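The sequence and structure come first.

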Amino acid sequence: MGCAISGLAAKAEFGERNTEDAAAAAHPSEGQIQMIKDSWKVIRDDIAKVGIIMFVRLFETHPECKDVFFLFRDVEDLERLRTSRELRAHGLRVMSFIEKSVARLDHLDRLEALALELGKSHYHYNAPPKYYSYVGAEFICAVQPILKERWTAELEEAWKVSSMLLVSLLMWVLIRDLSQQPVLGKRLMKQA
Ligand code: HEM
């Protein structure tokens with residue numbers, strides 16, 4: 001699969017986080033936000049492709065994630081998904097969310113509100129919060145080949161910090177709802 005932070009390595013890079021991590025998650029610097037916004041202009045020309053690559057990779061590296069999707073759980077041959085209209089549509093919905101997140105990176109209150117909305121819908125999908133870090137890692141692996149020579153160590157770091165922030169916010173919403181505790185409550189869900 002040719003991406004260092006894919007699959008198992010994602011755990012080390014993205015960590016298996018809890019709400020305290022979410023509160024302490026690093027925020028991208030102004031320079032990093034600008035890099036993300038510039039690179040998004042290139043990525044958005046290929047968002048349908050990125051969405052499909054990201055989900056096929058996610059289902060390859062973490063087949064347990066596929067079981068959460070009613071539409072895809074019975075698909076055995078992942079290659080078939082590369083031409084699936086349903087996966088394309090789903091990927092585009094996720095990419096459109098990422099686009100909104102990129103636009104809000106310098107307005108953290110608005111980013112948090114967006115994560116709250118998504119967290120609420122995802123609470124009902126019953127996916128353990130750690131699955132979200134897998135998505136963050138596969139997103140980075142999917143955009144790397146799209147950006148080709150524009151991909152640098154600095155840009156990778158900027159995307160990692162930004163994805164971790166978003167993923168941490170989502171996990172925070174999910175863990176808080178799952179544990180019915182205030183954000184920084186002590187009784188955190190251990191499986192998260
Ligand atoms: C950063 C991570 C993620 C983002 C940005 C994201 C985004 C989205 C968006 C925008 C939708 C469309 C409708 C809605 O708002 O509910 C959606 C649907 C969905 N997501 Fe996610 N998602 C993420 C992670 C996950 C994970 C980890 C799972 C489970 C493994 C998951 C499972 C689902 C399911 C089951 C649906 C409904 C699909 C359908 O309509 O058939 N998502 N997601």
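A residue counts as near a molecule if its C-beta atom, placed from the backbone, lies within 6 Å of it. Around the ligand there are 20 residues, of which C65, F97, S121, A127 and Y131 come nearest. Two or more residues of this shell are given by each of α7 (85–103), α8 (108–123), α9 (130–147) and α10 (153–179). The shell has 15 nonpolar, four polar and one charged residues; Ala, Val, Leu, Ile, Met, Phe, Trp, Tyr, Cys and Pro count as nonpolar, Asp, Glu, Lys and Arg as charged, and the others, Gly among them, as polar.

The model is predicted: local features need pLDDT of at least 70, side-chain atom pairs count only at pLDDT 80 or more, and totals for chains, interfaces and linings use all residues. Residues are numbered from 1 along each chain as its sequence is written.

The protein has 10 helices and zero strands; helices (H or I, at least four residues) and strands (E, at least two) are DSSP runs, numbered from the N terminus. A residue is buried if 20 or more other C-beta atoms lie within 10 Å of its own, exposed if 12 or fewer, and partly exposed in between, with C-beta atoms placed from the backbone. Of the 192 residues, 34% count as buried.

Helix α8 has buried residues L111, A115 and G119. They cover an arc of only 70° around the axis (taken from the directions from the helix axis to the C-beta atoms), which puts them on the same side of α8. The face turned away from this buried side carries the exposed residues D109, A113, K120 and S121.

| Side of α8 | Residues |
|---|---|
| Buried | L111, A115, G119 |
| Turned away, exposed | D109, A113, K120, S121 |

Leaving aside neighbours within four places in sequence, L170 is in contact (C-beta atoms, placed from the backbone, within 7 Å) with A115, L118, G119 and Y132.

F70 lies in the loop between α5 (63–66) and α6 (78–81). It counts as exposed because it has 8 C-beta neighbours inside 10 Å.

Methods:
Contact = placed C-beta atoms within 7 Å.
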